[in-house]
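Please open the model in your viewer and keep the sequence panel beside it. The stops below say what to select and what is there.

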Amino acid sequence: MNRKAKKALKITGITLGSILGLIIIAVLLVCWTVFTPGRLTKVANKAIDKYAPCKVDLERVDLTLVKTYPFLAFRLNGLLVYDEMETSPSDTLLYIKEFTVTTNLKALLKEKKIILTNMLLDNVQANMFVDAAGHSNIDFLTSGEKKEKETDDSSDLDIYADLQKITIDDINASYIDLKSGTKANLNNLGINLKGLLNYDSLDANINAKIAGVKASIKNDSTDIDARLNDIKLKGTLAKHKDNVTCGITFDLKNTNASLGEMKAAINDLKLALNNLSCTLGKEGLGNLKTDLNLTVSDIKYANQGMQANTNHFSVKAGQVAFNDNNLDLKGLSIGSRDIDFEMSDTVGSKTSATIDNLQLDVNGNLKTDMSVINTSVNTSINGIGFKIDGESPMAISSPSISLKADALIDKDDIALTPELSTPSINVNIGGDELVPDWSLSLFAPLTTNKSFNRFDVLNGSNLNVNGQKIGFAANGTLGGSSVVKGNASVKASNLDIDKLVSMIPDKYKNVLDGIDVHGILGLDVSVKGAVKQDGMQLDKASANVSLARLDAGLKDSIFANANKLTAKVQYPSQIAVDPNRQTADVYLNADDLKLSLIDSTNIDAALRDFAFSASVVGLTDTITEMSAQADVAFSHLEATMDTISGSLDNTSISATMTPVDGTVAFMARAAFDQLEAAMGQNMGASLSSTSVVAMAQYDQTKDDILLKWNPNIKFTLDEGSLDMLEEPVEIDNLDVDFTLGHFNINDCRVSMGNSDIMFWGDVYNIGAFIEKTGLLTGELFLESDHVDVTQLMGWFSGMGNEETQEAVQEAADKIEEGADTITASPFIVPKGIDLTLYTNLAEIKYNDHLFNNVGGDVTIKDGVAVLQELGFSSDAAEMQLTAIYKTPSPQDDPFIELDFHLLDIDINELISLIPSVDSIVPMLKSFSGHANFHLAAETYLENNMPIMSTLLGAAAIEGKDLVVLDGDVFNGIKRKLLMSKKAENKIDSIDVELQVIRNKVTLYPFRIHMDRYTAIVDGRHFINKDLDCKYTVSLIETPLPIRLGVKVSGSLNEIAASPIKHIRIIRPQYKKLYNPEKRSDTDEMVMGIKDHILETLKGNVR
Amino acid sequence: MNKSLIRLIFAFSAVALLFAGCKKDVDEDNLIGRWRCENDGYYYTFLDDGSGRCADSRDRGLNFSWDLDRDNLTINYSSNGDIPKPGREEWIIKKLTSTYMEAYEVGLADITYKFEKQ
């Protein structure tokens, strides 16, 4: 109802009240002077004519005492106020069929007081009209000629009220406002008030009813319609002095309202205010107390495709108390049943919700200015269903939801403690059951202020989903330069990963394809920062993750187990402090961690007391600008890979990464107390306290991995052993420094059984060598006090047999496949290298031979490997060996040459050392004594075999006073051999020279002289398929009368098969060879060659 | 008697000198060139500057220096490496033409090597 209509009604009421007052006064006056109805009516009509601003008819006025004794009644009948507005639909503005008021006659007569005792108003019809131009049918009350004011009451009468009964019946009213489109009808209003009503007190029973009220406003902008039927009000009302008590029941049925498309309907509404009490004095309303009972049935609401219904809605309050701006609520209970909600959007999707039962219990108190509120709200919702149809349908259902909320507002502070729980909730989206009947609870106590610009979700807040409980807390501010700014934390201690995984909807489980994780998860995450319009600002963050009984697998190839594993991420770093860059720390700890890699080769590792920590500076920088430090430590590691197993004790590794000149520099330190490793059953290694310091500078522009990392490594080992031989290889010390510029072996001491080795030296320009811009140079030193070659060869014998057999089998396979020849790849001596290994072995034991001062140099220089002047001395001999191996290029044949000297060697030792000598000079094993042995040879190689056309070599044996045969045996046979009595079993001297040129081996004649016998031996054999040979022995001095010689010729196989056939008696040769004065030219040439061979070979002895 | 004895000694000496002078000269020019040895299949090359080479069909072999004294051919092979090694052969040339040569090594007269010039 608009303001103008209100104003009009107000004016109408005032007007009607004024008229009524005038009438009463007039009646009383008339009754006092004129008692007859006709006279009274006449007087009244005259007064009306005189004072009424419009046409008024009064049917009858009378006074009676009979019907209302002891009260004097003044009664009006048929009061009609005409509506003179032409456009008005009715000609009646007001019609009162009967109005009766009684007064105490006694008080009137004696005390000249008009005390009203009863009032009756029956059958009233009021019609108010406003035309389209805004003119009202009551405008005459405020416009036009103003009637004379009511004349002053000259009498001394006072009017009082001491009402015992007020009856108003059948009041009807209509209001039509064409300008605003408002229509209102009030039908059959009846009020019955019995009791006592005076100026001092009130004590009455009230019954009021309205048959119906209709109201509507319909214009271009508004469409409101409301219908209220069968309105009943019943109650008691008492007021004594300032104390007021009352009890009211209010009924309303079949009420409808609409606002545009919005429609609402209530079938039945009952409101009961029992035991209402208050004070109503000069200071106004106070100490208001009441209980409350409101029930509404069949509420229907519809608006723009939305419908909401409930069969029942009730509000009950045990006590509502209001005093001095304080409102107390006790036992306030709001309930609703069978709530249906349905809404359709423009594309036809329908959203619906149903609630079987809703119960809201409120207790609390508040101030009406809302400065203080302290309430407790318990909400229970049963039978919840929520659905959204359409392309992405969603359905949520729960048998019950409970929400408890305590709210406390004190001045600017607000504290809320909501607690939401449901035993089961089901969420289905798009046909996928995302939440399959999980229990859910949320407890989130929070404080804030009325401006909601700060908040604090208190510790103890938690979310429990399907038994998985997560605690959280947050505090901060809202608004200002940030959307949100503050701290937040999430905590959980016993999350079952199996259950968490099972809670992942089937639709999204493919994210975990190949991932299998079991265990108990704990979380402790805290964040401090701000969310701003342009993104998130993280000031501080820490995340602690704990995993207990972890059992994880990735694609059935990587597995991890740990009884307890914790991980922590800290932002910013508490270690790497840099206020201008983003930093972070990462920690990982595990008491007992087992890792397995299942692949073509299985790897298993078990770590105890594993700890990893890392600090990073420059999280948002590029890798070349980032700095990082990482530490890894574990008390024990056991690992196996195929047949390899190992263990590490008390290991610590620390590494740093820093940007340097646009690249990344790394430094790492590693140390462990004990390493045990084994490969199969026969190989093992053990290292004691060991430390490695490694630095590297990463340059991604380089190709080679060493150049790319530019490592700087310092490796120190105090003690270790390799268990790969019959006895452990003991490493007593190992200390090396490695850079691309300088590889320094400070110390390397190894003991192998009876042997010990010391190794040190320097290698330079490794980087330049890799880049092919420089020569790899270096000097290495190998020293030993004692090397037991026999023992070592015994240990190493047979090692690698498998490889050899495989190579043989591979060669056989190739031949079967039709290959004519097997090409073996030669060892290629690298170019660009200038390395020298200096050896100094104090003592070498080989079989029963002991060699002293074994020394020499091994040089590798630009494709040439040189073993230079490797020499030794022993009881049996002194040795010197020089060997050179050249591989000019992979396309060229390798070339090998050697120069070997055994000086003053015992012949037996010589044959023992070099058994092949016995093959070359078979009779040598018949001698004993000392000799010199020289050998030099060279050849190119093809398939690791000599190319015969390039074979060039020579050997020489010099001996003096060589003993032949055992002395006793010799003495027994020397007479039979016609030797002199002084003959000794000695050969004065022997000088054997042989020369190998290509495939020809020439044994130049040498003399064997003993007592009265002298023999010359010479020969030749060919290194060919048949090994053809020819050897002669010429006896040139003998006590016998004839001198003969023997020639053996033919192939070795034929000679071996039938030696007699190949032996021929010949004339002795070289008879004068050792007689310089009688030599022939041929003898001279032979001796020249022999001298040439011997001198050339001896010339190489240093 | 003394005269007769002296004459006899002179006569024997003359005969001896005659036989001693049986060493025959060979034409060194015929030696220059490349020869293939029928016995071992190697190729011998004699250059007029006193150098030469013995190699297989793929020219893998040894360099040498040679000297011809009448029919005595001395060959000194030189090392392909760095360590001095002896490598001397003494040959007696039995027959030498511009295209054919027969020779034997001193001390091994029973094996005749035959060469054909290439």
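The tour goes from confidence to cores and then to strands.

This is a predicted model, in which local features need pLDDT of at least 70 and side-chain atom pairs count only at pLDDT 80 or more, while totals for chains, interfaces and linings use all residues. Residues are numbered from 1 along each chain as its sequence is written, and chains are lettered from A and ligands numbered from 1 in the order in which they are written.

**Confidence**

Colour the model by pLDDT, which is the predictor's confidence in each residue, from 0 to 100. Chain A has an average of 83, with 90% of its residues scoring at least 70. Select residues 145-154 of chain A, where the pLDDT is below 50 and the stretch has 4 contacts beyond near neighbours in sequence; two residues are in contact if their C-beta atoms, placed from the backbone, lie within 7 Å.

Turning to chain B, its mean pLDDT is 84, and 80% of its residues reach 70 or more. For the model, the scores are ipTM 0.86 and pTM 0.60.

**Cores**

Next, select Ala954(A), Ala956(A), Ile990(A), Leu994(A) and Ile93(B), which touch the most other members of the largest nonpolar core, a set of 66 residues. Such a core consists of buried Ala, Val, Leu, Ile, Met, Phe, Trp, Tyr and Cys residues joined through C-beta atoms within 7 Å, where buried means that 20 or more other C-beta atoms lie within 10 Å of the residue's own, all placed from the backbone. Domain 4 (725-796 + 821-888) and domain 5 (893-1098) of chain A both contribute residues, so this core lies between them; the domain bounds come from an automatic or database domain assignment.

**Strands**

Finally, show strand β41 (residues 833-846) of chain A, which runs parallel to strand β39 (residues 776-784) of chain A and is joined to it by 9 bridges; strands are DSSP runs of E, at least two residues long, numbered from the N terminus, and two of them pair if DSSP finds at least two bridges between them. Here Glu783(A) stands opposite Asn840(A). Strand β42 (residues 849-861) of chain A runs antiparallel to β41(A), with 12 bridges between the two, and Tyr846(A) has His849(A) as its bridge partner. In the turn of this hairpin, which has 2 residues between the strands, Asn847(A) has a positive phi of about 50 degrees.

Note on methods: Buried ≥ 20, exposed ≤ 12 C-beta atoms within 10 Å, placed from the backbone. Helix = DSSP H or I, 4+ residues; strand = E, 2+ residues; numbered from the N terminus.
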